[in-house]
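Me: I am new to this structure and would like to understand how its descriptions follow from their definitions. Please take me through it step by step.

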Amino acid sequence: MTDVQTRELPAGRTTGRNVGRPIDRVDGTAKTTGAARYAAEYPYPGLTHAALVHATISRGRITSVDTAEAAAVPGVLAVITHLNAPAMKPPPPVSPLNLSTLVSGTTVNYLNTDEVHWDGQPVGVVVAETREAALRAAALVRVGYRELPATVDFAAGQGDARPEKSSPIQPGAVAKGDAAAAIAAAAVSVDVRYTTPPHHHNAIEPHATTAVWDGDRLTVHEGSQSIAWMRSHLALRFGVPAAGVRVISPYVGGAFGGKGMVWAGTVLTVLAARVTGRPVRLALTREGVYRTVGGRTPSAQRVALGASADGALTGLIHTSVTRTGRVGGMPEQVTSASRHLYDVPNITLQQATVPLDLLSNTAMRAPGESIGTFALEAAIDELACELDMDPILLRMRNEPARDPVDGKRFAHRMLREAYALGAERFGWPERTPRPGSMRDGKWLVGMGVATAYHPSWQFSANVTVRLAADGTVVVRCGFHEMGMGGATAQAQIAADALGVPFEAVRVEYGDSDLPTGPAAGGSAQTASVAAGLLAACEKLKRSVLALARRSGDSPLRGRRPHDLQARDGGLWAGASGPGETYAAILGRAGRASVEARVGSDTRAGEILGQAKFIAKFLRDRRRWVKAACGAQFCEVRVDSDTGEVRVSRWVGSFDVGTVINAKTTAGQLRGGIVMGIGMALSEETLLDPRTGRIMNPNLAEYHVPVHADIPPIDVHYLNEPDPTMPLGLIGVGEVSITGVAAAISNAVYHATGKRVRDLPITLDKLL
Ligand code: MOS
């Protein structure tokens, strides 16, 4: 069970009765009864269905297309290829003046080119009266190619990796002191290599789009993590005003980063609807998702550590090679946690990437950190063994007071407390250190531990809050709900900020016609929306106070905003002073409602919002290192005959600042651990090294953990506010996957005496 520790928040913060409570999610009933409508479930009169045709070569040009057989399938309305597709504007180059340019999944202008850039690239789209007819016809489109040489094998291409250039978001390389010399001279050292395979997100809801044109107005239903950027992107690609494009996305059936960008399916559904003049739905098959939506890059990493005999780290080297696509993708911040976790005088970090002729990689839950902490935290364990020292003790021996790389302060860091709490709940002291020493019959029992770490971010969010005379509140912001409980959390925050019951608040989200919200990424959405929402609530209270003060009889006459408490459905002077309800104030003023707004959706407002966001981001970066952290504890049981690894127990202990909702937070933390267990033990996207074709694009052969693979997961959090974040909250979406694979690999070593440095830890590697 979740351990919910509540503590007094510092003065001046909301201390209401809703924030922190384990309130059921507001959309829970709709989701569990099937009433919630997902992107592929919107009925339209005359709705048609699309299917994609995928390239079967890795790189080259299309030389011929034969659509006769496909077009003859009964019910087929259109077979669209580069030979007959209308022109679209190409994906825009990335520009800091317009952050929506970040949202192109690839640089390819689909069906506007005869070039093929990866095995699986869409080269045609079929529209038919039924999905079955569309899929059948898509399989009958015959495409001829002239193949060009392609580089698709990550293992073979690593030699061509180039060191990443530093970016303002995260400087890539660190060279502090002389790590190589320090490690060479160290009393104890390790120098090890780790590899991780490609991964795919596998949301329960595969990507789907329903697109409807009405003249130059476009409505798109799509599960997305960035509806505002998707709207801008589609407007640009199809040459229509953004104001006429509406992206509706109230429910997203899981995303994990895979729905952060605009991928081919979305663009081609909109294109197909343009061509046919009919509403079009494209529900990708699971295979279609693998072929058209990027996944996590594979990685090859080296970690070298040196320490004195008493465990003081003297040198740290962490280098990584990852891959992008030649047509897009992003370098991953694999060494990011290595900048912040250990107080080491000599640190060398370097990330290198190689572009391959494959679909772009994309963000997947804690991109960079989840695989980077595998290597770092496994190497720390290896060093602890060399030192004959408890791995928690080694970590605490090197816990920094300030950022090890640049000396900045931590905005908040309670890793020691997280370890202390976790070790106690897990029963760490009962572990006997020698590998293989905790056998239980045929089971080799092992216990492992690792640090979780993920930076905390905050984007800008435009929010309106409307208070009605009956005391009900509507919060409006185009943010995203992909399962994390976002609307519930914001309703809790608004209820406390305005002093109304939770049930009185309705939150509207998931629609690009709402005030522009942040992208749901980087674990930043809750804090980002909360900041806008709290500011809007403050404005609203001032407006209500101004209304009250207009009347001679108001008990709030002469009161200033900072004297006031919002509670019991109104404003009151202090804890026991006079005041009145919103209903009384609005009623006397003859107002049905009062509204407050933060941020503007005009182009100027958008530019201002971006500028403010970037300024705040850079200011924060200069002052502080901000992050969530935690300690992962696990127990594994390895079958001594077969090498099968079972995870039998888990304790995660996290420092995620203020917890807004005890239930949804625990759900997020558990979910990340489950995903990390998959990464450690079973998940692996397999590519044919000759063609780059994904060979296991389905859940039968890409193994995610099932219920029976997951032990009881005990999550704890400290619930101490980060003073630099709104309400003290730090995002919880990603930190919990970090450190998981390392904790498991460390536990497997403890059980068996074998180090598996290549994920996933399958039984063949243990025999
Ligand atoms: Mo994410 S991987 O920031 O959705």
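Me: In what order do the three strands of the open sheet lie, and what is their pairing?

Reply: The order is 4-2-6 and the pairing is antiparallel. Helices (H or I, at least four residues) and strands (E, at least two) are DSSP runs numbered from the N terminus, and two strands pair if DSSP finds at least two bridges between them. The model is predicted, so local features need pLDDT of at least 70 and side-chain atom pairs count only at pLDDT 80 or more, whereas totals for chains, interfaces and linings use all residues. Residues are numbered from 1 along each chain as its sequence is written, and side-chain values use heavy atoms, with hydrogens and water left out.

Me: How do you know that strand 2 and strand 6 pair?

Reply: Six bridges join strand 2 (residues 60-66) to strand 6, and the two run antiparallel, while the definition asks for at least two bridges. Within this pair, I62 stands opposite Y145 in strand 6. Strand 4 (115-116) and strand 6 (142-147) are the edge strands, each pairing on one side only.

Me: What makes strand 18 and strand 29 edges of their sheet?

Reply: Four strands form an open sheet in the order 18-27-28-29, with mixed pairing. Strand 18 (443-455) and strand 29 (713-717) each have a single partner strand, so one side of each is left without a neighbour in the sheet.

Me: Which strands does helix 16 lie across, and which does helix 17 lie across?

Reply: Helix 16 (residues 662-681) lies across strand 27, strand 28 (645-655) and strand 29, and runs at about 125° to strand 29. Helix 17 (residues 740-752) lies across strand 18, strand 27 and strand 28, at about 155° to strand 18. Such angles run from 0 to 180 degrees between N-to-C directions, with axes fitted as lines to C-alpha atoms, for helices over the stretch in contact.

Me: Why is T664 called buried?

Reply: T664, which lies in helix 16, has a relative accessible area of 7%; buried means under 20%, exposed over 50% and partly exposed in between, with a 1.4 Å probe and protein chains only, so T664 counts as buried. Contact means heavy atoms within 4.5 Å, and, leaving aside neighbours within four places in sequence, T664 is in contact with R25, M484 and G485. Helix 16 is mostly covered, with 15 of its 20 residues buried.

Me: What describes the packing of helix 9 and helix 17?

Reply: Two packed helices are described by the angle between their axes and the distance between the axes. Helix 9 (residues 369-387) and helix 17 pack at an angle of about 30°, with their axes 8 Å apart. Residues that meet there include F374 and D381 in helix 9, and S745 and Y749 in helix 17.

Me: Is Y42 buried or exposed, and why?

Reply: Y42, found in the loop between helix 1 (28-33) and strand 1 (48-54), has a relative accessibility of 13% and therefore counts as buried. Leaving aside neighbours within four places in sequence, Y42 is in contact with several residues, among them T210, H221 and R281. The C-alpha atoms of Y42 and T209 are separated by 9.7 Å, although the two residues are 167 residues apart along the chain.
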